[in-house]
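Me: I'd like to go through this one with you before I set anything up. Can we take it piece by piece?

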Amino acid sequence: MAMTEASREVGVVLRRRSIDNPWIDHMWSPMTILDEVPDTAPWTVLSSDADVTVYYAGAASIDLFSSDTANYRDNLADGEPRIWVALRRPDGGSELELTKVTADPTEGEAIFESGCDVIGTVPMPPEIAAWIAAFVDQFHVERVFHKRKRDRKSANRQELPDGSPDKGTGRS
């Protein structure tokens, strides 16, 4: 079965906030997703005050796959659909690079375990939600869940001397 894919370029805006911490002096967090990529150079300062600087981090692609439509549908049905954003410091440097932007909650949760330096969610813009909803409407196929039955008699189980199966009690 061929997998249908769609992609959309979006802009990513980040916030760098000063914090009072003995180990780090600032914290990065995704702030918003722009439904269109602006004519702005990556890492342009959009605003700045004493404790917060807002940057346009650059463009990223949101990729949709027909095999993941159930995940997108769940995200949209949540009431507050989210976009996950991940950034990493290449080679341990101070610069950040965008590594992933996704609307798939399963993939988004997996990012939290990936070792990325900056991970967060932002509200999904209505234009992107409409685009994803149209993709789900076009390609979603409901899959029936089939629960597997356990094989009660396994070839690997040993029988006890009385002929009954060993149920893992440690007896031989």
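Me: Which residue follows α1, and what is its phi like?
Reply: In this predicted model, α1 is followed by glycine 79, whose phi is positive and lies near 100°.

Me: And which residues of α1 are buried?
Reply: The buried residues of helix α1, which spans residues 69-77, are Thr69, Tyr72 and Asn75. They sit on the same side of α1, because the arc that they cover around the axis is only 120°.

Me: What covers them?
Reply: The cover over the buried residues of α1 includes β4, β5, α2 and α3.

Me: Where else is there a positive phi, in a residue other than glycine?
Reply: Tryptophan 43 has a positive phi, near 65°, and its place is in the loop between β2 and β3.

Me: Is that tryptophan 43 side buried or partly exposed?
Reply: Tryptophan 43 is partly exposed, since its relative accessible area is 27% and the term buried is kept for values under 20%.

Me: Changing topic: why would you call β5 largely enclosed?
Reply: Because five of its seven residues are buried, β5 is largely enclosed by the rest of the structure.

Me: Which strands does β5 pair with?
Reply: β5 and β7 run antiparallel, with six bridges between them, and β5 also pairs in the antiparallel sense with strand β6, residues 97-102, over five bridges. To give a pair for each, isoleucine 83 has valine 122 in β7 as its bridge partner, while the partner of valine 85 in β6 is valine 101.

Me: What about the largest nonpolar core, which residues touch the most other members?
Reply: That core has 26 residues, and those touching the most other members are Val12, Ile33, Ile62, Ile83, Val101, Ile128 and Ile132. The elements that contribute two or more residues to this core are β1, β2, β4, β5, β7 and α3.

Me: Take isoleucine 132, then. What is it in contact with, leaving aside its neighbours within four places in sequence?
Reply: With those neighbours left out, isoleucine 132 is in contact with Leu64, Tyr72, Leu76, Ala103 and Met124. Tyr72 has already come up here, as one of the buried residues of α1.

Me: Zooming out, how many helices and strands are there, and in what pattern?
Reply: The protein chain has three helices and seven strands, and read along the sequence they follow the pattern β-β-β-β-α-β-β-α-β-α.

Me: What share of the residues is buried, and what about contacts along the sequence?
Reply: Buried residues make up 28% of the 172 residues in the protein chain. Among contacts between residues at least 6 apart in sequence, 60% join residues at least 24 apart.

Me: Last one: where is the confidence lowest and where is it highest?
Reply: Taking the helices and strands, the mean is lowest in helix α2, residues 105-111, at 89, and highest in strand β3, residues 44-48, at 96. Over the protein chain the average pLDDT is 85, and 79% of the residues score at least 70. Where pLDDT is low, the predicted coordinates should not be read in detail.

Methods
Residues numbered from 1 in each chain as written. Predicted model: local features only at pLDDT ≥ 70, side-chain atom pairs only at ≥ 80, totals over all residues. Heavy atoms only, no water. pLDDT = per-residue confidence, 0-100. Helix = DSSP H or I, 4+ residues; strand = E, 2+ residues; numbered from the N terminus. Core = buried A, V, L, I, M, F, W, Y, C linked by side-chain atoms within 4.5 Å. Buried < 20%, exposed > 50% of the residue type's maximum accessible area, 1.4 Å probe, protein only. Contact = heavy atoms within 4.5 Å. Pairing = 2+ DSSP bridges. Arc of directions from axis to C-beta.
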